[in-house]
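Reader: Could you show me the model, and then let me ask how you know what you say about it?

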Amino acid sequence: MMKQDDQISISVRDLVEFVMSSGDIDNRRTAGAKKEAMQEGSRLHRKIQKRMGSSYQAEVAMRHVVQEEQFQILVEGRADGVITENGGSVIDEIKCMYGTIDKLEEPIPVHLAQAMCYGYFWCLKKELASIGIQITYCQMETEEIRRFRQEKSFEELEVWFTGLIHEYVKWAEYLHRHHARRQESLKELEFPYPYRKGQKELAVNVYRSIARGRNLYIQAPTGIGKTLSTVYPALKAIGEGHGDKLFYLTAKNMTRRVAEEGLSILREKGLYFSSVTITAKEKLCFLETPECNPEACPYAKGHFDRVNDAVFDIIHQEFAITRDRVTEYAMRYQICPFEFCLDISNWVDGVICDYNYVFDPNVRLKRYFAEERKGGYLFLIDEAHNLVSRAREMYSAVLVKEDILLAKRLVKGHSRKLEKLLESCNKSMLELKRECENYVILEDVNHLAVQVMGMSAELDVFMEDHPELENRELLLDFYFQVRDFLNVFQWMDDGYEIYSQMLPEGTFQVKLFCINPSGRLRACMDQGLSTILFSATMLPMPYYKELLSGEPEGFAVYAESPFLQEKRLLLVAEDVSSRYSRRNLREYQKAAAYVQKIVKGKVGNYMVFCPSYQYLGELAECLEEAGFHTESHWRSGKKVVPEMAAESDSGSEEAVDSKTGAEFDLGAEVEADVEAEKRPCAPPETGRVRMIVQESRMNEQEREDFLNQFTKRNQTELEDASGEDEGQTSLVALCVMGGVFGEGIDLKEEGLIGVIVIGTGLPMVCPEQDILKGYFERHEKPGFAYAYQYPGMNKVMQAAGRVIRTMKDEGVIALLDDRFLQPDYQALFPREWSDYQVTRLNQVGEQVRWFWQGRTS
């Protein structure tokens, strides 16, 4: 739907599907005669049209205007064909389907309704008394054709269409009134706060880019207020007619809440603008496990009979339609909250959602983006550096040999034909497996793909014919795996590598690996008017331009940091390393000593980011020996990693600085012998230190509880018989770099006063990273930098950005690895890091103390 001042536009297809929706949600019909096949269908459409001869006019554009009192409704679309014969006309609507079509006894109602709309429009244009209505069904694999044809009088079509449009008028009235009030509010909307340094220039660049219909890449330092700096000019652009619908795209729940808060602030200043936040089905579902069929879910039964009433209610009552509001209304109307949420998006001005809903071919909102349709969409992509890895996941696919064998066992005794086809696929996979010890890059998998295509066609039929199969969910998972593999195979371009791999658990897979997703991402972006990509860590910019959209000449800005540099101490240690070859007890103790000395500088909350869970566990043990108290709740009564045996002193790794001879200490001197290494270290001199530890696979509630500890520092539950002031307790959180706490969290002012980053964040060496490296080297790019160094530094900068979030914040950032002083790493530092200070273990305590003294003087 498109809204102009006095005209509401809607496509024929959207109109009939909306007005005629009824019945149940039923995911058991995953394929078959009622599921259209868009991409392959377009090819078959053209093939059928070419066969029809000279009397057949293909892709006929039609439009019809319905005049209401204060506005018009424009209904438009393209009829697949108009046949002229015997002095009359026939409308032909072509639908390409998976599964069997011989079971159809009559046209599917929405398909017939589309053709009847076109028939009515053609009768009006040509002044015809009657017209033929033909629905042509084509089976995708066999190209079998089946047609249904009937004659309709003009009077019959006129009465029918009048009733159809009548059901839509109240919705069009809502859009007309809402649009007028929205545009008025947008023209008067002012920025809610005094502009920070660099913020106005950033907003101006966003507005200009949208007005000119181009994309913009923004390196926006932490704290500039990038959410309001992008949302506000985007809204102003909509107010001036440059776009109609805003999509705010994020990778994490936290940034979605920030977007909601930004719109809430603007609404307090007079903004009239509705929005919905789309939440994943698994999180919205009222059932423990989503089962979207009327037998398993009462909310699926009759969903489409009730959902339009629920949508009409919520859009008239709510402006900020969050997850809680969605579930509240869904429960009231007894409908599926996820499908309800998607339907709401049609009627609001802004959509806050995950990247998937715009870019992922399996999840993207087809109501907006199917068939490459374009609209007045503005895409604001927050934390855009995440989109590279996410896009690689979206556009890659795997086929697993063991899953083929499982599918064969599941269908055994039900379809001998499908069994044989699965066995043929298995044999092809077996041939590839015999040539693979670890991983092998393959030139192509054409032979395998042809076999999988044939098997997939039979699998479609089988799924339709066996809705009650035992363990059907397992076969359904395989069905989607096959579908994804074939879809990606069809899309593959020069940005892909194909490889086979033996996985550690003994399974064998063939992967279509998307390395450079820019072509696919750019195609999605081109469906809107403008895309604004922003992040605090979009460095180096040419790398992200290349992988996000392939626009080396794309317009980019580096927003100026608003922070006074004297409010932040940035330290780079030259005497510590996290290199894997250097990891031993002394190095862990040295890192622990840095943590202790930095925490001594001021009581407060600190985060320490480690390169791995293994490193985190070793560091936690050293800090516990130093007197840091870890509550059992955060260690779950178990060790994070197996305890390492004490190392002997061979003299090759002395516990002294090779340049100055200064000894490393953990509050007391550490002697270079085994006994000293095992001796507990002195506790911190300034107050207590409470330590919490990130664990792997924390659920949403556990993550929330972890972050809540930063606001409860003064309400610690430590038992203190001495009556020590709880306010003198520091909190140290050990986290894994690149994990859930490495970005997207917002701890302001006293919430966090220090971040310690250990290591350069390099991804673990594995076949996939090596394939990335080799691919870029073959394309004359710096392979190591693209595969390892750039993603690693991004994690470092994100972790460092957890401190200094607002203009009032003060804090310490310490980078513990001597590699940060190498020129290739220095070149990746953001501009605002130019004032870093080099430190050593025997200097860091004094540097931190002087910094905090300077802040209080």
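Reader: Which residue is the bridge partner of Leu-380 in E18?
Author: That's Ile-532. The model is predicted, with local features needing pLDDT of at least 70, side-chain atom pairs counting only at pLDDT 80 or more, and totals for chains, interfaces and linings using all residues. Residues are numbered from 1 along each chain as its sequence is written, and side-chain values use heavy atoms, leaving out hydrogens and water.

Reader: What makes E13 and E18 a pair?
Author: Two strands pair if DSSP finds at least two bridges between them. Strand E13 (residues 377-381) and E18 have 4 bridges, in the parallel sense, so they pair. Strands (E) are DSSP runs of at least two residues, numbered from the N terminus, while helices (H or I) need at least four.

Reader: How many bridges join E8 to E18?
Author: 4, and strand E8 (residues 216-219) runs parallel to E18. Here Ile-218 stands opposite Phe-534.

Reader: Why is E18 called largely enclosed?
Author: Buried means under 20% relative accessible area (1.4 Å probe, protein chains only), exposed over 50%, and partly exposed in between. In E18 (residues 530-535), 6 of the 6 residues are buried, so the strand is largely enclosed by the rest of the structure. Both faces are covered: Ser-530, Ile-532 and Phe-534 lie on one side, with Thr-531, Leu-533 and Ser-535 on the other.

Reader: Why is Arg-703 called partly exposed?
Author: Its relative accessible area is 36%, which falls between the 20% and 50% cut-offs. You'll find Arg-703 in helix H25 (residues 700-708).
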